[in-house]
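Subject: Structure handover, backbone notes

Hi,

Here is the structure for your set-up work. My notes on the backbone follow below it.

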Amino acid sequence: MIRLGLIGFPIDQSLSPILHSAAMRACGLKGEYLLLPVMKEDIQGIYALLAKVRSGDITGLNITIPHKQNTIQFLDELTPSARAIGAVNTVYLKNGKLTGHNTDARGFITDLTNLLELGDGQKGKKSALILGAGGSARVVVYALSQAGWAITVSARRIEQALAIGNSRLHVAEYNGIHLSPILSSIHLIVNTTPIGMFPNIHDSPWIDGLAFPKECVLYDLIYNPRETLLVKQARAVGMQASTGLGMLVEQAALAFQLWTGFNIARNVMFDAINKTGY
Ligand code: NAP
């Protein structure tokens, strides 16, 4: 019997129980995936749940907002990617040590690679524009810089983009005047802002009147709705574009593998989501 769970707040809309329950069934594992809401101020609540991983009562935990950073203080070890990003989304016991990892970065780059392989116009072109400079922008910056991309982060608060602290990063103010001149050299746009996320599905982070770059791919981290307005706008001008459901599935499958050793077929998780009518 394995026990998995998600710490965060609010988490009642999370798809993780569906993904991991399907994975357990497919692998013939008996177990459960619990939603463990812990409010922002409840640091003791995090500590108590991590103690259950240490004792073996819980096999592994996912961590989400607002605890991806403040969980780190209670861990014995971080993997290199978790340390570089400064946030964990997966906790497990390894050789008796409470270990924190971040599966979002590999989840993102794997799903992006699948998207890039659909078109062949992007080979050798590696200049990316990231919209937003919050937690997931840090993940995307880490993943893309590891893969050799040149990166510009565009944020409404320049100081937040600078705080990402990657010396090779360019920053640009989030407006047409500053973005327009650089777009001709951009091959990939990644939206890491929540603009367009349910219920605000009629919003788009793309600045009104700004033309998309030619021969560019777009990746929107948002996965609800399954097709955001931004993705619709990009597809309307012939761009390859994707929302973030593939990243969500990939990061979940990578966490599941760390906890159980099973490398689950991704379609098991996609099928489980499709069955919910989501
Ligand atoms: P976050 O830490 O709050 O960062 C959001 C960023 O967007 C911040 O830089 C924020 O700037 C900016 N922003 C918000 N509203 C804006 C606006 N109206 N105009 C300009 N910039 C704005 O959030 P996050 O954790 O990175 O998550 C962002 C999105 O990614 C969410 O929709 C989340 O669901 C999605 N996500 C998806 C996956 C996946 O697996 N597919 C994984 C992680 C996250 P300020 O700080 O100035 O507000």
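Glutamate 215 is exposed, because its relative accessibility of 53% is over the 50% cut-off. Keep in mind that this comes from a predicted model. Glutamate 215 also has a positive phi, about 50°, although it is not a glycine. Where does glutamate 215 sit? The loop between strand S10 (188-191) and strand S11 holds it.

Asparagine 95 is another entry for the phi list. Its phi is positive at about 50°, and asparagine 95 is not a glycine either. The residue belongs to the loop between strand S5 (90-94) and strand S6 (97-101). Buried or exposed? Asparagine 95 has 74% relative accessibility, so it counts as exposed.

Next, the cis peptide bonds.

Phenylalanine 9 and proline 10 are joined by a cis peptide bond. Omega there is near -5°. Proline 10 is in the loop that runs between strand S1 (2-8) and helix H1 (16-26).

Which residue is joined to proline 225 by a cis peptide bond? It is asparagine 224, with omega at about 10°. Proline 225 is in a loop too, between strand S11 (217-220) and helix H8 (229-236).

The cis bonds are phenylalanine 9 to proline 10 and asparagine 224 to proline 225.

Best wishes

Definitions and conventions: Residues numbered from 1 in each chain as written. Predicted model: local features only at pLDDT ≥ 70, side-chain atom pairs only at ≥ 80, totals over all residues. Heavy atoms only, no water. Helix = DSSP H or I, 4+ residues; strand = E, 2+ residues; numbered from the N terminus. Buried < 20%, exposed > 50% of the residue type's maximum accessible area, 1.4 Å probe, protein only.
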